[in-house]
Amino acid sequence: MHIDLVRVLDMEGTSTRQFRNICVFCGSQLGKNRDFVDAVKNLGKVLAERKLHLIYGGGSLGLMGCVSIAALVGGSQVLDIIPQALARGNLTGKTVGEVQHVFSMHERIANMLFHADAFIALPDGLGTLEEIFPIASWAHLNLHKKPIGLLNVNNFFDELFLFLDKAVECQFISQATRKIFVSASTANELLDKLKTFVYEPDAVLTQIDWTVGERMKRKLDLTLRL
């Protein structure tokens with residue numbers, strides 16, 4: 001699936017923001033503490049209660065299975081976006097909801113950005129960090145204005161927040177960039193914060209026009225067709 005950058009940015013510019021499809025980043029492990037499982041199942045339940053739909057990385061294992069099954073059982077629509085390589089060999093368990101296969105990890109994240117109205121990262125390891133930081137970086141670069149939340153179960157992300165604060169202190173990132181990340185310890189509180197989030201762009205980076213190359217490509221495609 002080709003992601004039309006102009007379309008994504010045009011949607012970002014509309015005055016009425018949609019808050020219906022929530023992309024959740026989490027892993028195929030349950031973790032050591034039962035509190036993680038309970039919090040993630042509750043997130044799926046709350047999404048359904050609020051009539052929100054779930055987008056996630058696919059499968060039924062670990063915390064991914066907990067959130068997707070809870071959301072589906074509660075009545076939410078669930079979209080699995082998963083690379084074909086991971087879908088083979090039953091590496092991710094059973095299918096939950098509708099499946100969209102992609103070719104690469106990058107295409108997976110780009111499709112998640114296209115479909116989602118907001119993002120939530122759950123406690124996990126490298127996979128979730130690999131997903132949440134590109135989304136945050138693209139927000140920093142003014143590619144999108146969609147809110148990004150971290151469900152801070154048992155203070156799991158506290159050290160990550162310390163790292164971000166240190167990066168601000170050392171002037172590697174701006175305070176505006178630090179504010180990209182929203183956090184809360186419960187699903188309801190986090191969703192409330194995401195819904196009222198106001199994007200504050202870095203003043204320098206607002207000068208970037210990401211649609212130039214895409215519009216030129218469209219013009220070239222039209223010329224070639226003619």
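**Cavity search**

I searched the whole structure for cavities and found one of 30 Å³ or more. On a 1 Å grid over the protein atoms alone, a cavity is a set of points where a 1.4 Å probe fits but cannot get out. Grid points are joined across faces, edges and corners, and a volume is the space filled by probe spheres set on the points. I note that this is a predicted model, in which local features need pLDDT of at least 70 and side-chain atom pairs count only at pLDDT 80 or more, while totals for chains, interfaces and linings use all residues. Residues are numbered from 1 along each chain as its sequence is written, and side-chain values use heavy atoms, with hydrogens and water left out.

For the largest cavity I recorded a volume of about 30 Å³. I listed its lining, where a lining residue has an atom within 4 Å of a point: Ala-139, His-140, Ala-176, Thr-177, Ile-180, Tyr-199, Glu-200, Pro-201 and Asp-202. The elements that contribute two or more residues to this lining are H6 and helix H8 (175-178). Helices (H or I, at least four residues) and strands (E, at least two) are DSSP runs, numbered from the N terminus.

**Ala-176**

I then looked up Ala-176, which is found in helix H8. Not counting residues up to four places away in sequence, Ala-176 touches Glu-200 and Pro-201; contact means heavy atoms within 4.5 Å. Ala-176 and Pro-201 are 25 residues apart in sequence, yet their C-alpha atoms are 6.6 Å apart in space.

**Second largest pocket**

A pocket is an open set of grid points with protein on both sides within 12 Å along at least five of seven lines. I noted about 320 Å³ of space in the second largest pocket. It is lined by 21 residues, and the closest to its centre are Cys-26, Gly-27, Ser-28, Met-64 and Arg-108. Strand S1 (21-25), H5 and H6 each supply at least two residues of the lining, and H6 gives the most, with five. By class I recorded nine nonpolar, eight polar and four charged residues in this lining.

**H5 and H6**

I examined helix H5 (residues 105-115) and helix H6 (residues 126-140), whose axes come within 11 Å and cross at roughly 55 degrees. Axes are lines fitted to C-alpha atoms, for helices over the stretch in contact, and angles run from 0 to 180 degrees between N-to-C directions. H5 and H6 are therefore oblique to each other. Angles under 35 degrees count as roughly parallel, over 145 as roughly antiparallel, 65 to 115 as roughly perpendicular and the rest as oblique.

The crossing of H5 and H6 is right-handed, meaning that the near helix is turned clockwise from the far one by less than a right angle. Among the residues in contact, I noted Arg-108 and Met-112 of H5, with Glu-131 and Trp-138 of H6. The contact has eight nonpolar, one polar and three charged residues.

Helix H2 (residues 34-49) and helix H3 (residues 62-74) pack at about 30 degrees, with their axes 7 Å apart. H2 is therefore roughly parallel to H3. I recorded 10 nonpolar, two polar and two charged residues in their contact.

The axes of H2 and helix H9 (residues 187-195) come within 9 Å and cross at roughly 50 degrees, which makes H2 oblique to H9. I found that Asn-42, Leu-43, Val-46 and Leu-47 in H2 meet Ala-187, Asn-188 and Leu-191 in H9. That contact has five nonpolar, two polar and no charged residues.

Definitions and conventions:
Ala, Val, Leu, Ile, Met, Phe, Trp, Tyr, Cys and Pro count as nonpolar, Asp, Glu, Lys and Arg as charged, and the others, Gly among them, as polar.
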